[in-house]
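Colleague: I have a structure to learn from. Can we go through it in short questions and answers?

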Amino acid sequence: MSAYRLLADIGGTNARFALQARGRDPADVEVLACRDYATVDAAIDAYLARAAARGHDVHGLRHAAIAIANPVEGDCVAMTNHHWRFSIEALRGRLDLATLLVVNDFAALALALPHLGDTSRVRIGGADVAGAPGRPIGLVGPGTGLGVSGVVPVPGCAAGEANRWIALAGEGGHASFAPATRDERRILDALAEEHGHVSNERLLSGPGLEAIHRVLAGEALSAAVITARALDGTSAACRATVDVFCAVLGSVAGNIALTLGATGGLYVGGGIVPRLGPLFHASSFRARFEGKGRLQPWLARIPTWLVTAPYPALCGAAALLDAAT
């Protein structure tokens, strides 16, 4: 029987896999492109075969946890931003596992947040504020879609006992977008013509960055090109697109902090924001985060953090297995 447990963090674009011995950090992390595999089974088989070729004993794996960018309700999982669909119980049986946990990816990421050190996060604005330990923590993250979650402490921990946490698994990325400027109202009107309902995810995602640029600049560019031209200073229009993206993200993050009472901090995860580098730090993200009228002084005390750890959701998946096995 293998000493390892299988961990996975599956998004709409990439699937990240790792092996983990209980009590250790995830190891042998590999990122596979979802588009290269017809099914989740095929991606798992490919990873395990490669891990075995690298000398890891994967024979007899008994426990696994998958964090996936999708609601998880019942046995059937059908991804929103990719074509994979599967039965949890059928996958467990096929892999001959005693335990297979499948959870929303941002719920898994949220479970990792209380344990992130300063080498795994960067504070964005609010230099004189500090998070209150043992208080609710909020999370938002633009990537292929928009993830929203949070963690709340379990009441009744004994004196000296480390806090235990419960993750909130929701689909807050699909809450309705609320514009705050004329440009944002233009974007809302244009996207409403295309889609009817306009969610925050319609703007705060890779496709959302492209949609913002299409409406404001009248040209179709990929998110990667928009980001590159904004960073190298060759396009004022691309810089303006990134500025709108960051401002909207600040407003949404502030809403999440208000809704959850996230006095323990608000974290920004996902794959897009770390690529924006100095543009995000110089943006109006923090001003829009605090810009909630009479509640501005309350929000000013809440720190906002950018998650820089490379695979934090894998650590959250491991925490779920710890509690379940």
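Colleague: What volume does the largest pocket have?
Modeller: Keep in mind that this is a predicted model. The value is computed from its atoms. For the largest pocket, the volume is about 1100 Å³.

Colleague: Which residues lie nearest the centre of the largest pocket?
Modeller: The lining of this pocket has 48 residues. Nearest the centre are R16, G143, T144, G270 and G271.

Colleague: How many residues in the lining of the largest pocket are charged?
Modeller: Sort the lining by class. There are 20 nonpolar residues and 22 polar ones. The charged residues number six.

Colleague: Is the crossing of α1 and α2 left-handed or right-handed?
Modeller: Look at where they touch: V40, D41, I44 and D45 of α1 meet L91, R94 and L95 of α2. By class, this contact has four nonpolar, no polar and three charged residues. The crossing of α1 past α2 is right-handed.

Colleague: Are α4 and α5 roughly parallel or roughly perpendicular?
Modeller: Helix α4 spans residues 182–195. Its axis and that of α5 are 10 Å apart, and the angle is about 110°. The range for roughly perpendicular is 65 to 115 degrees. Therefore α4 and α5 are roughly perpendicular.

Colleague: Which residues of α5 make the contact with α4?
Modeller: From α4 come D183, R186, I187, A190, L191 and E194. The contact as a whole divides into seven nonpolar, no polar and four charged residues. On the α5 side are A211, I212, R214, V215 and L216.

Colleague: At what angle do the axes of α6 and α7 cross?
Modeller: Helix α7 runs over residues 236–260. The axes of α6 and α7 come within 8 Å. The two helices are roughly perpendicular, with a crossing angle of roughly 105°.

Colleague: How many residues in the contact of α6 with α7 are polar?
Modeller: Here I226, R229 and A230 of α6 meet C238, R239, T241 and V242 of α7. Four of the contact residues are nonpolar and two are charged. The polar count is one.

How values were computed:
Residues are numbered from 1 along each chain as its sequence is written. This is a predicted model: local features need pLDDT of at least 70, side-chain atom pairs count only at pLDDT 80 or more; totals for chains, interfaces and linings use all residues. Side-chain values use heavy atoms; hydrogens and water are left out. A crossing is left-handed if the near helix is turned anticlockwise from the far one by less than a right angle, and right-handed if clockwise. Helices (H or I, at least four residues) and strands (E, at least two) are DSSP runs, numbered from the N terminus. Contact means heavy atoms within 4.5 Å. Ala, Val, Leu, Ile, Met, Phe, Trp, Tyr, Cys and Pro count as nonpolar, Asp, Glu, Lys and Arg as charged, and the others, Gly among them, as polar. On a 1 Å grid over the protein atoms alone, a cavity is a set of points where a 1.4 Å probe fits but cannot get out, and a pocket is an open set with protein on both sides within 12 Å along at least five of seven lines; lining residues have an atom within 4 Å of a point. Grid points are joined across faces, edges and corners, and a volume is the space filled by probe spheres set on the points. Axes are lines fitted to C-alpha atoms, for helices over the stretch in contact, and angles run from 0 to 180 degrees between N-to-C directions. Angles under 35 degrees count as roughly parallel, over 145 as roughly antiparallel, 65 to 115 as roughly perpendicular and the rest as oblique.
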